[in-house]
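Let us walk through this structure together, one step at a time. Have a look at the model below, and then we can begin with what lies inside.

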Amino acid sequence: MDIGRRELLKIGAVGAGAIALPGVGAVAGGRAASAATGAETETLYLTGLDADHPVDWDFLCTSGRRSGVWSRIATPSNWECEGYGSYNYGSNLVPAEKGRYRHRFTPPASWSGRRVYLVFDGSMTDTEAWLNGSSVGPVHRGGFYRFRYDVTALLRPGVPNLLEVTVSKESADDSVNNAERRGDYWNFGGIYRPVSLQAFPAAHVDRIAVDARANGTLAAEVYLAGAGAGHRVVGQVRTPRGEAVGSAFEVGVQAGATRTRLATSVSGPKLWTAETPDLYRLDIRLVDRTGATVHSVSERFGFRTVEVRRGDGVYVNGKKIILKGSNRHTIWPTLGRASSPRLARQDILLMKEMNMNAVRMSHYPPDTFFLDLCDELGLYVMDELAGWQKPYSERAGAPLVAETVTRDVNHPSILFWANGNEGGWNPALDAHFARYDPQGRAVLHPWANFGGINTDHYESYDSTRAILAKPDIFMPTEFLHGLYDGGGGAGLNDYWALLGTAPRSAGGFIWAFCDEGVARGDRGGAIDVRGNLAPDGILGPYREKEGSFFTVQDIWSPVQLADPGYYATSFPSGFDGTVRIVNRYDFHNLNRCSFEWQLLQLRLPGASGTASRVVAQGAVRSPDIAPRATGALVLGLPENWNQADALRVTTTDPGGKPIADWVWMIKKAADFRERIVLPRPTIDRVTVTEDPAGVTMTAGATSVTIAKDTGRLAAVKRGGKPVPLANGPALAVGTSALRKLTHFRDGTAHVVQADYTGDLRSVRWRLDTSGWLRLDYHYHRTGPHDFLGVTFAFPQSQATGVTWLGDGPHRVWKNRRRGVTPGVWTKEHNDTATGAEGWKYPEFKGYHANTRWAVLHTTSGDITMVAEQEGLFLHLFTPRVGPDPRFATAPFPSGDLSFLDGIPAIGNKFHATDALGPESGPNLATGDYRRTIHFRFGA
């Protein structure tokens, strides 16, 4: 338990406190809030409010670790994460573990005469409870739902009470196990969401269901208990700050009524969308014939209308929307499924940082505070009944649908209900959703064409295009499986060119938000992602940002460049300071966003630090560009703008959140070569020696040997000490045979010339008196290839880091080029496998795009490499691959250090690269390739 609490401190800066609900008094651990009028619902939390604030209960686990002995456990929690029982992942071999809980508490004496409920927000999986030795009711089956028992007759106000609970990890109902416990995710046990007592007046409002539309109409279904003739229900709409909106409205209550409906209309309300999450509050009072308030409750809601227009799209408030989302499970490595508002806020802010506007609650309903924060921060939600690939029976599922919808019905963020997943839906349950939802939101079957929306999973690029040409709305609830370093970003640019713009697209949800790793207490806290089953995320298990995080952020930015050519490494000719941009917002005009530019001077090798120096900057007048429209962003740059190294343009949304950051290189690779490769002689001339094996050129402390039988670099020494760069340039792909090797003096420098037959045509080495070694090479290739270029050997064990000018800081693939930024970057050596372990980002190994210069830091000293031409890919070693990657891997050249003109794409768990779109295809070589690389060894 201590490890888990410490780990939570890692993200403390992101968090938030518990969400307060108006009209509800609540405390944790044994004291009820004092209600001034006696008309509010009083809540006594028996557990902690959340996983950040647990309360210890007595606990015994029946098998596995620390079993058979009573001790103490933090509650709420999953017992595996607290050192008990066994870890299980989606298996039929789940042991019959039970957790037995005991907790003593004293409810307020003032609760005498009140109706009191024992409320469980979630426990896994079958739950039975006894209060003061008596059963509170039938066993509850289902691990992701809020349920309650009327314990009025069993509770003893003002004196100590004993609550006993037994939670069975496996259900006695096979359909519950099939729906919840056999999924492709971790199985946990325990009381992992809060347990509370709720005390109501004898006559009270039990719950309300709000239907508030974009036209300002509002209707509320009010469910009553103990109300009688003479009672009235009075409603008042208020702002979040409590100001009244319009007049109060009311309806009388019939004798014995358990339900009534009242309605009103608000003129010109602020509408809720993910872009404008404007909320209101509905206060409901039950009053008696004298006008005295008997009971009062409050619910937050938003005015908004959701429509699925068949053959067209999904509309919110009359405007078509495109969902940009991911699938999320509630999980944290040291807590399992137990969570907190702080952790929920962190995840939502990370989604919004990626420019997502939606989340699918796969494959079960989330914590209530997660939905509260989606309402507040603005995120569209698909709320899902469990049922991974097998459904609940109607008998088991019907009460769980009721529990889901009655708990969540008033959240404006929820656009859809989902009845299970990938065949885990029971059609007999579809009609049950509408019984509790006056808004009549669409019910979906993820992976099926149902409810007016085709949600089919993991379609290829070509089949996606074909589906979008059909008359149905397409919104894949899972696509681009993010196993390992494909990460959801590889291929997204091509897919989003279809899904982001097609007339009948409603967007989609990437699988998945994060790698679902558990910190195994029986393995010293090591993260377990169950081989290739759970490392599917855009983020790591502790929310480490993988490379795809920034790719998604870039592609899903609501402000896009109209001309894809601007994504090139430098300006098109004739740039006049105007940038054509597209507004991908659904509701915002871009005149609500802020834009600014900076002209940058970039660091050179050996400089202190890597940060660019801002030489000029300015704000840009925000253009008037309506949603889905294209327009011009006039930067207003100074006349000498082209003297800078690079131009950065940043965009922030109406709330001040950065949403786009473009950096273009003004200066070319050759410009940096002129600044770096300076001919400052350290000696009069280069000396040369020759033996049967090679030709050695020496300039001061630098000596270079070229092998006579290959023309390749055979040895380098600096100050008499070896620098183990060797055996290159060898073609990454192609054939070569040395035809002739010559060497000659070139002024004060010396040249070794190698000519070849085959695909490699020539290599020229030139060492000058400054110690710079120049390499010119020429090869010829045509046709499709995974990679193109030349390679060298270098022992990885001697690499300690790299600093470079190029696109960074993350490595790239051919089909994941977006999300990296031109600049000077540095990173230490790490051996992170492709998303399978370690989670140290950015990864050191891999392909790095548009490299102008690079300094490889090694135990033998620095090796500086400077490119003469644009568009160079630097390959640094070959990364390890996680277990059973399926298609989520890519080829690498046989060498350790490569200079490439083309790199490969990467696939994902279900698709090879040939199924992922144009950017995922091979490189098409077009003939002759010539490059110049300059090397310097040491300072």
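A nonpolar core is a set of buried Ala, Val, Leu, Ile, Met, Phe, Trp, Tyr and Cys residues joined through side-chain atoms within 4.5 Å. Buried here means under 20% relative accessible area, while exposed means over 50% and partly exposed is in between, with a 1.4 Å probe and protein chains only. The largest such core in this protein has 78 residues, and Tyr392, Phe479, Leu492 and Trp556 are those with the most contacts inside it. A second, separate core holds 46 residues, including Ala699, Val763, Ile863 and Leu872. In soluble globular proteins, nonpolar side chains tend to be buried together.

Before going further, please keep in mind that this is a predicted model: local features need pLDDT of at least 70, side-chain atom pairs count only at pLDDT 80 or more, and totals for chains, interfaces and linings use all residues. Residues are numbered from 1 along each chain as its sequence is written, and side-chain values use heavy atoms, with hydrogens and water left out.

Contact means heavy atoms within 4.5 Å.

For the overall picture, the protein has 10 helices and 63 strands; helices (H or I, at least four residues) and strands (E, at least two) are DSSP runs, numbered from the N terminus. Its radius of gyration is 32 Å, close to the 30 Å that the globule rule gives for 939 residues, so the protein is as compact as a globular protein of that length. That radius is taken over C-alpha atoms, and the rule is 2.2 Å times the number of residues to the power 0.38. Of the 939 residues, 60% count as buried. Among contacts with a separation of 6 or more, 68% come from residues 24 or more positions apart.

Next, find Gln753 in strand E52 (residues 749-758). Is Gln753 buried or exposed? Its relative accessibility is 12%, so Gln753 counts as buried. Beyond its neighbours within four places in sequence, Gln753 is in contact with residues including Lys740, Phe744, Val763 and Arg764. With Arg764 there is also a side-chain to side-chain polar contact of 2.7 Å; such a contact is a pair of N or O atoms within 3.5 Å, where within protein one must be able to donate a hydrogen and the other to accept it, and residues adjacent in sequence count only if both atoms are side-chain atoms.

Finally, look at the rings. The structure holds 36 aromatic pairs. Rings of Phe, Tyr and Trp (its six-membered ring) pair if their centres lie within 6.5 Å; planes under 30 degrees apart count as stacked, over 60 as edge-to-face and the rest as tilted. Tyr280 and Phe303 are edge-to-face, at 5.2 Å centre to centre with 80 degrees between the planes. Tyr280 lies in strand E22 (residues 280-287) and Phe303 in the loop between strands E23 (293-301) and E24 (306-309), so the pair ties together parts that are 23 residues apart in sequence. The centres of Phe844 and Phe877 are 6.1 Å apart and their planes are at 25 degrees, so that pair is stacked. Both Phe844 and Phe877 are buried. Elsewhere, ring pairs link Trp57, Phe59, Trp79, Tyr84 and Tyr101 into a cluster.
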